[in-house]
Amino acid sequence: MVNNPSSPVPKKRSNGNDKKPIEIYMFIDPLCPECWALEPILKKLHVEYGRYFSIKHVLSGRLANLNLSKKKNYENIAQVWEKTASRSGMSCDGSLWLENPIDNPYMVSIAIKAAELQGRRAGLRFFRRIQEMLFLEKQNPSNFEVLKDCANSCGLDVGEFMKDIHSDSAAKAFQCDLKITSEMDVNEIPTLVFFNENIEDEGIKIAGSYPYEVYEQILEEMLSERPEKSSPPPLESFLKFFKFVASKEIAVVYNMSISQIEREMKKLLLKQVVEQIPAKYGTFWRYIDE
């Protein structure tokens, strides 16, 4: 639902060098299946309107604060994961919570802030890989060995990363995210808050998940001119950029059905451009670097 459609402008806004007219604060949680389910829409926004906005990811800590110690809670979370996967087409295997439950969700958020200390892009790569390991591979990201593997596969300096996990810097960065979440009165994950260049204007807050057209309309409302939509790149270029994507993500970006996408991807499979990764719900594809 749209919860409190306007929100106070935060005291400090990012001063990125890209100077894009819209800044989106995206409140997320690494364990949240709805955040994972939003990935196809975010990719489509990035492809069609990416030159108009930048995204600042803020960890809400919402799931870190839950009491996850009771078996009944694990069963409830498993059911939510399965329902989200079935509805969204973005696979997440709820049996993780019954077989290998996450006992320290706080550590996952700290690890993401530690990865961000090696740069924003490194932090985003790490966050996405955590989601893949969690939702698809059923690996427990509160385990230090899993976190090390994740950092290594993302090209991070693993020694530095493991030091940073235990540092004050990562803990303070996470506390800063929690403070922003509280100040902006965010109670639901995911939540996106859109700000334009006019510091006096209030933001527009969208709590929960919505169809693509809702986010597109907000961008249009907040820009002083009608945005020009970019066409998606050739499929191989898209795969090379994102590396690992679901059929659902490709289908949303290219406005095609899953069956059409599967046919196109099988052609690339035969050319050895991608490898096919089956999942509990749907299919994922990994780009093969030359």
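Leu-235, Glu-236 and Leu-239 of helix H11 are in contact with Glu-264, Met-265 and Leu-268 of helix H13, contact meaning heavy atoms within 4.5 Å. By class, this contact of H11 with H13 has 4 nonpolar, no polar and 2 charged residues; Ala, Val, Leu, Ile, Met, Phe, Trp, Tyr, Cys and Pro count as nonpolar, Asp, Glu, Lys and Arg as charged, and the others, Gly among them, as polar. The model is predicted: local features need pLDDT of at least 70 and side-chain atom pairs count only at pLDDT 80 or more, whereas totals for chains, interfaces and linings use all residues. Residues are numbered from 1 along each chain as its sequence is written, and side-chain values use heavy atoms, with hydrogens and water left out.

**Helix H11 and its surroundings**

Two packed helices are described by the angle between their axes and the distance between the axes. The axes of H11 (residues 235-242) and H13 (residues 258-270) come within 12 Å and cross at roughly 75°. H11 is therefore roughly perpendicular to H13, a description applied to angles of 65 to 115 degrees, with those under 35 counted as roughly parallel, those over 145 as roughly antiparallel and the rest as oblique. The axes are lines fitted to C-alpha atoms, for helices over the stretch in contact, and the angles run from 0 to 180 degrees between N-to-C directions. Helices (H or I, at least four residues) and strands (E, at least two) are DSSP runs, numbered from the N terminus.

Which residues of H11 are buried? They are Leu-235, Phe-238 and Leu-239. These residues cover an arc of only 95° around the axis, so they lie on the same side of H11; the arc is that of the directions from the helix axis to the C-beta atoms. Buried means under 20% relative accessible area, exposed over 50%, and partly exposed in between (1.4 Å probe, protein chains only). The cover over the buried residues of H11 includes helix H2 (39-49), strand S6 (244-246), H12, H13, strand S7 (274-278) and strand S8 (283-287).

Helix H2 is itself largely enclosed by the rest of the structure, because 10 of its 11 residues are buried. Among them are the charged residues Glu-39, Lys-43, Lys-44 and Glu-48.

Lys-243 follows H11 and is found in the loop between H11 and S6. Its phi is near 75°, a positive value in a residue other than glycine. Lys-243 counts as partly exposed, at 36% relative accessibility. Its side chain is joined to that of Asp-289 by a polar contact of 3.1 Å; a polar contact is a pair of N or O atoms within 3.5 Å, where, within protein, one must be able to donate a hydrogen and the other to accept it, and residues adjacent in sequence count only if both atoms are side-chain atoms. Asp-289 is in the segment after S8.

Ser-247 lies in helix H12 (residues 247-254) and is buried, at 2% relative accessibility. Not counting residues up to four places away in sequence, Ser-247 touches Ile-258, Ile-261, Glu-262, Thr-283 and Trp-285.

Asp-177, in helix H9 (residues 168-183), is buried, with a relative accessible area of 3%. Beyond its neighbours within four places in sequence, Asp-177 is in contact with His-57, Val-58, Leu-59 and Lys-113.

Lys-20 lies in the loop between strand S1 (6-7) and strand S2 (22-28) and is partly exposed, with a relative accessible area of 30%. Lys-20 and Tyr-52 are 32 residues apart in sequence, and their C-alpha atoms are 5.4 Å apart in space. Residues up to four places away in sequence aside, Lys-20 touches Gly-50, Arg-51, Tyr-52, Phe-53 and Ser-54.

The table lists contacts made by the side chains of these residues.

| Side chain | Partner | Distance |
|---|---|---|
| Ser-247 | Glu-262 side chain | 2.7 Å |
| Asp-177 | Lys-113 side chain | 2.8 Å |

The peptide bond from Ile-189 to Pro-190 is cis, with omega near -5°. Pro-190 belongs to the loop between H9 and strand S4 (191-195).

Lys-138 is not a glycine, yet has a positive phi of about 55°. Lys-138 is placed in the loop between helix H6 (120-135) and helix H7 (144-153) and is partly exposed, with a relative accessible area of 25%.
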